[in-house]
Amino acid sequence: LPSRVRTICCIGAGYVGGPTCSVIALKCPHIKVIIVDVNPLRIDAWNSEKLPVFEPGLDDVVRRCRGRNLFFSTDIDAGIREADLIFVSVNTPTKTSGVGKGFAADLHYVEACTRRIASVATSSKIIVEKSTVPCRTAASMRTILESNTSETEDGKQITFQILSNPEFLAEGTAIRDLYNPDRVLIGSLDTREGKMAAHALREVYENWVDGSKIYETGLWSSELSKLAANALLAQRISSINSLSAICEATGADVSEVAHACGLDARIGPKFLKASIGFGGSCFQKDILNLVYLSESLGLTEVAAYWHQVILMNEYQKSRFARKVVQTLFNTITMKKVAVLGFAFKKDTGDTREAPAITLCKSFRQEKAFISIYDPKVPREQILLDLTEPGVVDDFEAVRAQVTIAPSPEEACRDAEAVVICTEWDEFAQKAEDEWRGIYATMKKPAFVFDGRGVVDAQTLRKIGFRVHTVGKGPQIIDPIWA
Ligand code: UDX
Ligand code: UDX
Ligand code: ADP
């Protein structure tokens, strides 16, 4: 087994593998990093000036390392052969059919990769699970590798050690998170070889991460910790969102409630921002995984507990959509609704599980015309996200009902309502005069629905807008004082 890592191969050039291994290449100039993918378009993009992933700071990292010790390639087999350590960062979507449909992770990309490694490796390797995977995936990987191993050219047995090293970066802040992680988690088997492999990976991170932040655990703890961390984060959002409903009904202000709670050091201030619901590729998928795992272990109550976090998120999205329709006199049929922001959060072009998708789909069902502006999401991606798969002629129907605007101003022209779905800085920083300009071009009464709590409702009300902010109730004035 390699005791020192000289060459790393990363299988899967996506949101996780790409940024993570680019930063490793930057911080470890003595290590050669090869990122491979089955998708030639993705690899071409990584090798071009326009990277396939928008992430603040990523361009700079790639520019500094590409061609030096960082390479992007479709030659998966060559990458595998050359590497001492292989990161498996392929996608693990939720299964859409078969056993565990809608809950379990589809591991066939992970399995395909594992089989590929077993069949082409000509030397012993450390294999690292980077993708979020259900518990005990490492065990399946080990079984596949051990049942398919061969010998090296000089007749020695090839061995593999499997590590779990989940990635905790958040999109939009990936580079910052990678430079300065809260922790690096390395799970290994509790054997001499397992510990040696963990040590080799620890040495890679120690090129820039303080050793005290690197936490070694068993394989299963590491796998479960990734699901648990995401579940706990999502749970905080569902919790504050559930309180936002109470605030709206009573006149309390969810941002004051969140601030007041967050001042308790045991609770802490982060991740308590009420919203139209969480999105992103991880939270929902990982919780569904946890629910499936609990069910398979016969832990029905545990499954129901975590499932509620997802159900609350769905409720928050549909509650907000209903609010829009109700406020616009119970119908948005043929009305123009402007949607500002489509990405699942700011500073990313990613739309996976974006709450804006759910919202726009319900506006479509209400037969509204939707005009969408997002600074980073490509037009085709938005249209694709809003097209119902398998519905005849929906491709054309979406294009008749949805337009993609080049600016917020264009999106809002002649609209009856503005719906803010993503907390982009440019929406939060919009000047009063700009809002005034938008107001002038809209139908009256002009409504703003702020799903992210980013605009100053008072300023907008002064202009003439009618404003609804998530988690803020109408100011109920006690009749005694009125
Ligand atoms: C609680 C709140 O902490 C306090 O702010 C509020 O004013 C009153 O309610 P208290 O009930 O006195 O205080 O004790 P606390 O330390 O919160 O513990 C409550 C229960 O939770 C105990 O049974 C404790 O054993 C349990 N607990 C606490 C856990 O099981 N795990 C933990 O990590 C913390
Ligand atoms: C998440 C985890 O944060 C990260 O550690 C893990 O590796 C991957 O999943 P990501 O999905 O990229 O990262 O973004 P995150 O910042 O966690 O936001 C997820 C969703 O929650 C977004 O839609 C965001 O808008 C929403 N959110 C976040 C809230 O609604 N309120 C908050 O207070 C925080
Ligand atoms: P994540 O957010 O987990 O990084 P992505 O979907 O962005 O997920 O990236 C996963 C990448 O893995 C995709 O670019 C996909 O083409 C690639 N991939 C999937 N299966 C394989 C495989 N067997 N070999 C190489 N690359 C793969």
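**Exercise 1. Work out what covers the buried residues of helix α13, and list which residues those are.**

Start with the cover: it includes α12, β9 (336–340), β10 (369–373), α14 (379–386) and β12. Contact here asks for C-beta atoms, placed from the backbone, within 7 Å. Helices (H or I, at least four residues) and strands (E, at least two) are DSSP runs, numbered from the N terminus.

Next, the residues: in α13 (residues 355–365), Pro355, Ala356, Thr358, Leu359, Cys360 and Phe363 are buried. Buried takes 20 or more other C-beta atoms within 10 Å of a residue's own, exposed takes 12 or fewer, partly exposed is in between, and C-beta atoms are placed from the backbone.

Bear in mind that this is a predicted model, where local features need pLDDT of at least 70 and side-chain atom pairs count only at pLDDT 80 or more, while totals for chains, interfaces and linings use all residues. Residues are numbered from 1 along each chain as its sequence is written, with chains lettered from A and ligands numbered from 1 in the order in which they are written.

**Exercise 2. Why do we call strand β7 largely enclosed?**

Count first: five of the five residues of β7 (residues 184–188) are buried, so the rest of the structure largely encloses the strand. Then sort the directions: Val184, Ile186 and Ser188 point one way, Leu185 and Gly187 the other. Last, the partner: β7 pairs with β8 (residues 214–218) in the parallel sense over five bridges, with Val184 opposite Ile214.

**Exercise 3. Compare Asn330 and Glu353: where do they lie, and are they exposed or partly exposed?**

Asn330, in the loop between α12 and β9, has a positive phi of about 65° despite not being a glycine. Asn330 is exposed, having 9 other C-beta atoms within 10 Å. Glu353, in the loop between β9 and α13, has phi near 60°. With 19 C-beta neighbours inside 10 Å, Glu353 is partly exposed.

**Exercise 4. Which residues are closest to ligand 3, and how does its shell divide by class?**

There are 20 residues around ligand 3, the closest being Gly12, Gly14, Tyr15, Val16 and Asn91. Near means a C-beta atom, placed from the backbone, within 6 Å. The shell's largest share, three residues, belongs to helix α5 (residues 108–120).

By class, the shell has ten nonpolar, eight polar and two charged residues. Ala, Val, Leu, Ile, Met, Phe, Trp, Tyr, Cys and Pro count as nonpolar, Asp, Glu, Lys and Arg as charged, and the others, Gly among them, as polar.

Key: Two residues are in contact if their C-beta atoms, placed from the backbone, lie within 7 Å. Two strands pair if DSSP finds at least two bridges between them.
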